[in-house]
Amino acid sequence: MSQRKVLLWFVKFFIAGVIAFALLTVFSYFYFNVGAHSTSVTGSTDYRWSPHMFTSRASEGFATARTDANGFNNLSTADTVDILLMGSSHMEGFNVMQDQTTTSLLNGLLRERGLSKFAYSIAMSEHDLMHNLQNLQSAIDEFHPTNYVIIETAYVEYPIEKIRQVLLGELPRLPSTNTGLLYYLQKIPYIKLMYAQYLKLDPFGLIPPTNAAVAKEDPGLYAAELDALLSKCGSIASEAGVTLVLLYHPEIFLESDASLRALDDEAYSSVMAELCAKHGIVLLDMTPIIFAEYAAKHILPYGFSNTAVSEGHLNADGHRMIADTLNETILYREAAQP
């Protein structure tokens with residue numbers, strides 16, 4: 001084979017590769033377009049998305065959204081935030097359309113009932129309850145909520161060491177690559193999709209589980225550490241003049257006989273309920289509501305038509321259940337005020 005033919009082959013190979021990459025990027029723009037986040041300088045979250053960023057999902061649910069001026073998933077912003085919502089990717093709601101998120105539904109329900117209160121979400125992916133509790137003071141300082149801070153969580157069990165780190169303000173912040181070549185590569189949808197697949201597969205076992213096992217052998221120490229942490233957070237909320245609400249929606253499992261089972265430990269959820277009551281924190285446990293919806297309508301809060309039943313993120317019904325519960329709770333508490 002002559003050098004000219006070899007060179008021509010490589011040129012064709014390169015052009016084909018460029019075209020294939022471009023086509024895959026266009027496909028990924030609509031299939032899995034997550035974008036890039038950067039470290040939050042205010043500390044209300046560990047990181048936040050780029051402002052006015054377009055995002056789309058067709059890998060789990062079908063949804064598009066555009067972040068607001070602060071880099072969060074909200075249809076609008078306001079000068080006054082009455083209800084500040086914090087949480088994980090469940091509450092963030094990128095797997096449903098923006099008008100189907102808990103925040104959007106709650107604002108609509110409050111308007112329908114004539115209650116002039118604005119709910120605003122700073123929920124962010126990978127931010128579990130411990131990260132949000134550590135960021136509580138900074139979130140209040142930045143957004144100045146007037147009435148409520150609501151923190152969503154799918155877990156009530158956490159490692160004792162992690163609770164202790166939050167209590168001391170030493171929990172490592174979730175990392176964000178917001179400089180250099182990697183930051184710009186993240187903005188290319190196909191590369192972001194491949195990276196997400198790599199993280200999901202974790203071939204080298206380098207990624208720790210989202211919610212590591214609790215040291216169950218010492219429940220007394222667990223309760224003591226959690227007591228101290230919730231006491232601190234209850235005081236932060238009290239000093240800010242807001243009601244702190246923990247919204248708990250457990251992971252569930254659909255058995256082969258179609259019965260439903262909550263994947264939590266009642267011992268730990270009972271401890272959480274007792275300590276929340278002790279420190280003036282409202283705990284909303286979605287477990288009975290989830291089971292009631294399934295018994296009456298066979299509706300589950302997790303899972304999409306392109307994934308699996310009862311698995312993954314909150315779907316539109318899950319967001320609706322939570323929005324209805326929050327709406328009724330807020331209306332009840334507002335009516336009970338003198």
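**Rings, a cavity and some loops**

Reader: Let's start with V26. Is V26 buried or exposed?

Author: V26 is exposed, at a relative accessible area of 51%. Here buried stands for under 20% relative accessible area, exposed for over 50% and partly exposed for what lies in between, using a 1.4 Å probe and protein chains only.

Reader: And which helix is V26 in?

Author: V26 belongs to helix α1, residues 3-31. Helices are DSSP runs of H or I with at least four residues, strands are runs of E with at least two, and both are numbered from the N terminus. The C-alpha atoms of V26 and I188 are 9.6 Å apart, although 162 residues separate the two in sequence.

Reader: Before we go on, what sort of model is this?

Author: This is a predicted model, where local features need pLDDT of at least 70 and side-chain atom pairs count only at pLDDT 80 or more, while totals for chains, interfaces and linings use all residues. Residues are numbered from 1 along each chain as its sequence is written, and side-chain values use heavy atoms, leaving out hydrogens and water.

Reader: Thanks! On to the rings. How many aromatic pairs are there?

Author: The search of the whole structure gives nine aromatic pairs. A pair needs ring centres within 6.5 Å, counting Phe, Tyr and the six-membered ring of Trp; planes under 30 degrees apart are called stacked, over 60 edge-to-face, and the rest tilted. One of the nine is F72 with F143. Their centres are 6.2 Å apart and their planes meet at 70 degrees, so this pair is edge-to-face.

Reader: Where do F72 and F143 sit?

Author: F72 is in the loop between β5 (63-66) and β6 (83-86), while F143 is in helix α5 (residues 136-143), so the pair ties together parts 71 residues apart in sequence. F72 is buried, at 0% relative accessible area, and F143 also counts as buried, at 11%.

Reader: What about Y120 and F143, how do those rings meet?

Author: That pair is tilted, because the centres are 5.6 Å apart and the planes are at 40 degrees. Y120 lies in strand β7 (residues 119-121) and F143 in helix α5, so parts 23 residues apart in sequence are tied together. Y120 is buried too, with 1% relative accessible area.

Reader: Which residues form the aromatic cluster?

Author: F72, F118, Y120 and F143 form one cluster.

Reader: Switching topic: how many cavities of 30 Å³ or more turn up?

Author: One, across the whole structure. The largest cavity has a volume of about 30 Å³. A cavity is a set of points on a 1 Å grid where a 1.4 Å probe fits but cannot get out, and lining residues have an atom within 4 Å of a point. The volume is the space filled by probe spheres set on the points, which are joined across faces, edges and corners.

Reader: What lines the largest cavity?

Author: The lining is Y148, I150, V245, L284, L326, T329, I330 and R333. The largest share, four residues, comes from α12. By class, the lining has six nonpolar, one polar and one charged residues. For those classes, Ala, Val, Leu, Ile, Met, Phe, Trp, Tyr, Cys and Pro are nonpolar, Asp, Glu, Lys and Arg are charged, and the others, Gly among them, are polar.

Reader: Nice. Now helix α6: which of its residues are buried?

Author: In α6 (residues 160-168), the buried ones are I160, K162, I163 and V166. They sit on the same side of α6, because they cover an arc of only 165 degrees around the axis, taken from the directions from the helix axis to the C-beta atoms.

Reader: And what covers the buried residues of α6?

Author: The cover includes α4 (129-134) and α9 (219-240). Just after α6, G169 has a positive phi of about 70 degrees.

Reader: How about H127, what does H127 touch?

Author: Leaving aside residues up to four places away in sequence, H127 touches T45, D46, Y47, G87, S88, N132, N135 and L174, where contact means heavy atoms within 4.5 Å. H127 lies in the loop between β7 and α4 and is buried, at 0% relative accessibility.

Reader: Last one: what is the phi of H298?

Author: Phi of H298 is near 55 degrees, positive in a residue other than glycine. Most residues other than glycine have a negative phi. H298 is in the loop between α11 (287-297) and α12, and is exposed at 60%. H144 also is not a glycine, and has a positive phi of about 50 degrees. H144 is in the loop between α5 and β8 and counts as exposed, at 55% relative accessibility.

Terms used
On a 1 Å grid over the protein atoms alone, a cavity is a set of points where a 1.4 Å probe fits but cannot get out, and a pocket is an open set with protein on both sides within 12 Å along at least five of seven lines; lining residues have an atom within 4 Å of a point.
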